[in-house]
Amino acid sequence: MILDAVIIDDEKDAIETLEIIINEFCEDVNLVGKADNVKDAINIVNSTSPNIVFLDIEMPEISGFDLLKILPSDNFSTIFVTAYNKYAVDAFRANAIDYLLKPINVNDLKSAISKVAKFNGSVKPIDIDSLIKQINNNSKLQVASLDGIEYIDVKDIILISADKSYAIIHLEDRTIISSRNLKFYEEKINNSHFYRAHNSYYVNLNHVIKYSYKDGTRIQLSSGQEIPISRSKRHEFQEKMSQLFS
């Protein structure tokens, strides 16, 4: 089954990247249109009647969610493509069939397309909790280091610490000094498995192995590092950990 598809994204580079990936790896998808603005998006969808619309969320004229309200969305399956995982719940409430994070993972893209083919454009009931967990585990992060740009899996981050205007990203096997600050990464990751335990530390809760009262309240990480918890955040931290294991 060949599926006709349209890409809608305000960034032309993002459109071109997705187009290259589709052409190279997705033989069952026929790209019939591309749009980087609202007017073109409406015209292309109405004129081509695609099976799939790959839709960005954060766009300057109108959000992907609002654009979806204008389009005849009953006629196609929506796959949101975005750099942010914070919109996942809203995406599935909008009856999206899948939600892909930039940079696009080829296997995730193929999986999303197979869902469209399997359900013939209808949307299978979504288990939002499971999907959020999957998104949290699969998302990637672009890190501007002092000597270039690195692409890392968010799940591999143990801790991000502040060093004046820089951030130090601690992985299992190495650290990366980034030219961005800690607040930037907190907003960029925005992941329910991470917690700002202290002004200087953003912690991956999956790597917490002990909560200790020794020398003031501290947490021990899988790397052996010990991180202090601000007095005002102790109760909130315990709640976050309880939610993680519930």
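Helices (H or I, at least four residues) and strands (E, at least two) are DSSP runs, numbered from the N terminus. By that count the chain has eight helices and 15 strands. This is a predicted model, in which local features need pLDDT of at least 70 and side-chain atom pairs count only at pLDDT 80 or more, while totals for chains, interfaces and linings use all residues. Residues are numbered from 1 along each chain as its sequence is written, and side-chain values use heavy atoms, with hydrogens and water left out.

**Chain**
- Of the 246 residues in the chain, 41% are buried (under 20% relative accessible area; exposed is over 50%, with a 1.4 Å probe and protein chains only).
- Contacts are heavy atoms within 4.5 Å; among those between residues at least 6 apart in sequence, 55% join residues at least 24 apart.

**Helix α2 (residues 38-48)**
- Val38, Ala41, Ile44 and Val45 are buried in α2.
- These residues lie on the same side of α2 because they cover an arc of only 135° around the axis, taken from the directions from the helix axis to the C-beta atoms.
- Exposed Lys39 and Ser47 sit on the face of α2 turned away from its buried side.
- The cover over the buried residues of α2 includes β1 (3-8), β2 (29-35), β3 (52-55) and α3 (64-70).
- At the N-terminal end, Asn37 caps α2, with a side-chain oxygen 3.3 Å from the backbone nitrogen of Lys39.
- Ser49 follows α2 and has a positive phi, near 50°.

**Helix α7 (182-189)**
- The buried residues Leu182, Tyr185 and Ile189 belong to α7.
- They fall within an arc of 65° seen down the axis, so they line one face of α7.
- The buried residues of α7 pack against β6, β8 (157-163), β9 (166-171), β10 (175-178), β11 (194-198) and β12 (201-204).

**Largest pocket**
- The largest pocket holds about 790 Å³ of space.
- A pocket is an open set of points on a 1 Å grid over the protein atoms alone where a 1.4 Å probe fits, with protein on both sides within 12 Å along at least five of seven lines; lining residues have an atom within 4 Å of a point.
- It is lined by 37 residues, of which Ala83, Lys102, Pro103, Gln142 and Lys188 are the closest to its centre.
- Elements giving two or more residues to this lining include α1 (12-25), β4 (77-82), β6 (140-145) and α7.

Notes: A polar contact is a pair of N or O atoms within 3.5 Å; within protein, one must be able to donate a hydrogen and the other to accept it, and residues adjacent in sequence count only if both atoms are side-chain atoms. Grid points are joined across faces, edges and corners, and a volume is the space filled by probe spheres set on the points.
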